[in-house]
Amino acid sequence: MTPAVVYFPAGTYLISSSILPAYFTQLIGDAASPPTLKATANFAGFGLIDGNPYYSPVLNWKSVNVFFRQVRNFILDTTAIPPATAATGMHWPTSQATSLQNIVFNMPTTPDVVHVGLFIEEGSGGFMTDLTFNGGASGASMGNQQYTMRNLRQAIIQIWNWGWTYHGLSINNCQIGIDMSSGGSNNLNVGSVTLIDSTFTNVPVAILTARTSTSNPATAGSLILENILLTNVPTAILGPNNNVLLPGTTTTLTIPAWATGHSYTPSGPIPISAPITPNPRPPPPLTQHQPLLHRSKPQYESLPATSFLSVRAFGAVGNAATDDTFALQSAIDAAVAQGKVLFLDYGLYRVTSTIRIPPSARIVGESFPVILSAGPFFNDMNNPRPVVQVGSVSGQQGRVELSDFIIGTQNAQAGAVCVEWNLRSDLAGEGPSGMWDVHVRIGGFTGTQQQVGQYIESEMGPFWLWGTGSEHHVLYQYQLANTRNIFMGQIQTETPYFQPVPNALVPSPVPSLNDPDFAASCAGVGGNCASAWGLRIINSRDVLVYGAGLYSFFDNYSTACSTFAAGDVPAEDYFGGGTASNVNLYNLNTIGARSMINRDGAQVAWFADNVNTFASNVAVYKITAVNKADLIHELKLSQTDVSGILSRKRNVVSAAKRIHSGPGSPPVRRRPRMQCSLSLLLALRRDGYVIIPSLLSRSEITTLRAAASHITALARAGKWPHVRTVGKQFPPWDASLVPHKAGIWGVQHLLHPDLPVGEDERGRSRGLF
C-alpha cells in the first residue's frame, strides 16, 4: 500500500457527498489559510469527512484496526443543510496513530438545530487538538476506548469510554458543557474522564453525570478535575435527580482539584467524591493555575519553500535496500547549518549506523517515511546502540522538532535502541523540543523482512508525553528509571498477543538497561506474572500520569481471559520498585490484569475491587513519599545538611541575644541536637515544607521577634536597603489578604557585616559574623 498526502489549497470547496480518506492517507489543508469544505443543502453522507463509512449496518472497517490517518487545517461547514436535518461535520471511528488538528466546525445556530460537529461511536483512539465547534446541537458526540484531546471549544456528549483525557477545553454559551451521564445510574457507559486546565463560561451546568455512591458499575463515571475555571457557571457538577455534587458560581471560581471514584493514597479502595490536593506541577515553575506545558505540532506555514531541504537532494534513495546512512546524515547536518527544515520525502531509508540529530534540527516527513536500521551494528544485545540519537551526550542543550515519520528495524536487530533522546531544552529560552506523530515500529511492515517499549531515564526532566501509546513489547511497554519531572497524558498499552507462550523470559534472558528480572520478581507468584508489564516505575519521583489504559486482551491469542467473568489474568500491571516519591496516577484503567497496581512485589489494587465498564479503574493513586528503607537512607544522607541548618539557627539566636542584651547576659541555652524523624521527612515530601513544633523556646522567640522589629524599623527608615517584595511566603497563606500588587514585604541579610548597629552591639556579636 502506498501512503498518500492530499493537499487542499485555500478556498471553499462545495461538496454533496462525503470525502473518504483511505488507510495511510493524510488530508492536509493550507495551514496559513485553511480551506472550507461546505456541504450543499442536499448533502448525502455521514460526515463531510467520513473516516469509516457504513456500507452495511456495520462499519466498513473494524474501527480498532483503522490506523495512520491525519486530517488537519480545515473548516467544515454544514450551515447550508437545514438545521432540523441530521448532519455531521466529521465521522471518525478510528484508532491508534490517527490525529485531528486545527479544524473548525461551523453549524447552524437556530433553536431547532440537530447538527453534530464530530461523531465517534467506536475505536481505540489517538489524539486530537485545536478543534473549534460553532453552533450545532453538540460540538462532539463521542465514544471510544481512550483518547487525548487538547484545546477544544464547545459542548461535548460522552457516549462511552474506558478513559478520556481532556486538556485546555474552552466551553462557552451552552446548556451543558460535558454530558457523561450515558446509560444512567444503573448502567453507566462512561468509564472515566480526566479534565485539566479548562474553562467554562456562561454554562448553567459544566458537567452532567449519572454517577452516585450506589451506581453501577462501581467505579464507572470516575471523574478527575484539576485547575478548572468557571465564569457564570451556577452548577459545576450535576448528578441524577438534579442533585448538585459540586456547586459552581455566578461570578468566577477556580476548582483546584476534585475527584469522584476509588482512591488509593496509597492504600484503598476508598470511595471519594470530594476535593483533592492538586498535583505539584512540573518545572518550569508554575503556579497552581498555570496550564501544563503543551505545544501543537509545528507546520511551518510562514516559511517559504526556500527554507526547506529535501533529503533526496543529498542522494538518499529510500528503497529499503540502499544504504542511506551517509546521505541522511549529510542532509540533517546541512539543514541545521543553513537553519532550514529537512523534508523527509516518503521512502524506506535503510541505515547501518546511528543517525545523529543535533540541536536546532527540524525534520518533517511526507506521509510517514521510515528510518530503517539494518546490519550487524545494531544486532548485539549486550551492546545496545541507538538508531536515531537526539543530542550527542546526555543533558546537551538545544531544541529539536521532529514530526510525521517512523523509526523501525529490518531483520534481526537485537541491540537496536530506536530512539535515544539526550537533549535538554531551555524552556525559558528557545522553548521545548518535541516529537509529533513520530512512531516506532519493530517488524511487521514492508521492508522489515520479519514479523522493548518506551524506556525513559531522565534524571533532570521535565518530560511531557501527550497521547502516547506503546504496544506488544516483550518486557514492558513503559519504564521510568531514575527519572523525575515527567508528565504522561492518557498513555495506552497492549501486551504481546502470543504471551505467555513464550513468556517474557524469552528471547531476552540477559537483563540490561534496568530491565525487569522476571525470574526473581515472579518467584512464587501464580498466573502469568512473567508477561510484559504495562508501566514500571523504579527509583523515580515527581511522576504525573493523567489517564492510563493498560490492556492485556490476549492470552496466547485468546481473548477469553480478559473479562471479569473469566477472572482476568495477571498479564500486565503497574509496578513500582525502589525509591518512588510523588507518583500520582489519575484514572488508571486495566484489562486482563488481576493485580492492577503492585509496589515492591506487593499487591496494592485488585481488579475485582474496582469494576468499571469493561476495564477496572482506580481514579486516584498517590505515593507522596519513598518507602521506609529509602527514607532512612535519605535521612542519613541529609544529616549533615540538617545539622548545618540547626547550627545556623543557633548562631542567629545567639546573635540576636547578644545584640539586644547587655553585658553579662546569660549564655545562650544550646538545645539538644534535633533528631530527624520519618514523620518530618514525610511531611516535607507531601507538602514541600515542614512545621517543627517547639523548635525554639519562648525566650528565643521573644528575642528573635525583638531583633526582627529592630531591623524592620531600620529598613522602614531607609537605613537598610536589602528589602524585597514577593508574591509568596512560607507558610502558605491566602494572597488575597495582601493589597493588590503589594506583594509581601521582607528584610534580608540579618547577619550582614554592614548591618547598621552600634559599635557596642557590634563588638558583642563580632565573633559571630
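Mentor: Gladly. Let's start with Arg-69, which lies over the face of Trp-61, at 5.0 Å from the ring centre. Please keep in mind that this is a predicted model, where local features need pLDDT of at least 70, side-chain atom pairs count only at pLDDT 80 or more, and totals for chains, interfaces and linings use all residues. Residues are numbered from 1 along each chain as its sequence is written, and side-chain values use heavy atoms, with hydrogens and water left out.

Trainee: What makes a charge count as sitting over a ring?

Mentor: NZ of Lys or CZ of Arg must be within 6 Å of the ring centre and within 35 degrees of the ring normal. Arg-385 is another case: its charged end sits over the ring of Phe-377, 4.2 Å from the centre.

Trainee: How many aromatic pairs are there, and why is the pair of Trp-164 and Tyr-166 called stacked?

Mentor: The whole structure has 23 aromatic pairs. For Trp-164 and Tyr-166 the ring centres are 6.1 Å apart and the planes are at 20 degrees, so "stacked" applies. The rule is that rings of Phe, Tyr and Trp (its six-membered ring) pair if their centres lie within 6.5 Å, with planes under 30 degrees apart stacked, over 60 edge-to-face and the rest tilted.

Trainee: Then what makes Phe-487 and Tyr-546 a tilted pair?

Mentor: Their centres are 5.2 Å apart, with 45 degrees between the planes. Phe-487 is in strand S36 (residues 484-494) and Tyr-546 in strand S37 (residues 533-551), so this pair ties together parts 59 residues apart in sequence. Strands (E, at least two residues) and helices (H or I, at least four) are DSSP runs, numbered from the N terminus.

Trainee: How do you know whether Phe-487 is buried or exposed?

Mentor: Phe-487 has a relative accessible area of 0%, so Phe-487 is buried. Buried means under 20% relative accessible area, exposed over 50%, and partly exposed in between (1.4 Å probe, protein chains only). Tyr-546 is also at 0% and counts as buried.

Trainee: And why is Asp-112 called partly exposed?

Mentor: Asp-112 has 40% relative accessibility, which puts this residue in the partly exposed class. Asp-112 lies in the loop between strand S7 (98-106) and strand S8 (116-120). A polar contact of 2.6 Å joins its side chain to that of Thr-110; the term means a pair of N or O atoms within 3.5 Å, where within protein one must be able to donate a hydrogen and the other to accept it, and residues adjacent in sequence count only if both atoms are side-chain atoms.

Trainee: How do you know that the span of helix H1 agrees with expectation?

Mentor: H1 (residues 325-338) has 14 residues, which should span 20 Å at 1.5 Å a residue, and its end C-alpha atoms are 20 Å apart, so the two agree. The expected span is 1.5 Å times one less than the number of residues.

Trainee: What makes Asp-404 and Arg-72 a salt bridge?

Mentor: Their closest N and O atoms are 3.6 Å apart, and a salt bridge needs a side-chain nitrogen of Lys or Arg within 4 Å of a carboxyl oxygen of Asp or Glu. Asp-404 lies in strand S28 (residues 401-409) and Arg-72 in strand S5 (residues 69-77), so the pair ties together parts 332 residues apart in sequence.

Trainee: Which residue bridges to Glu-401 at 2.4 Å, N to O?

Mentor: That is Arg-295. Glu-401 is at 4% relative accessibility and therefore buried, whereas Arg-295, at 27%, counts as partly exposed.
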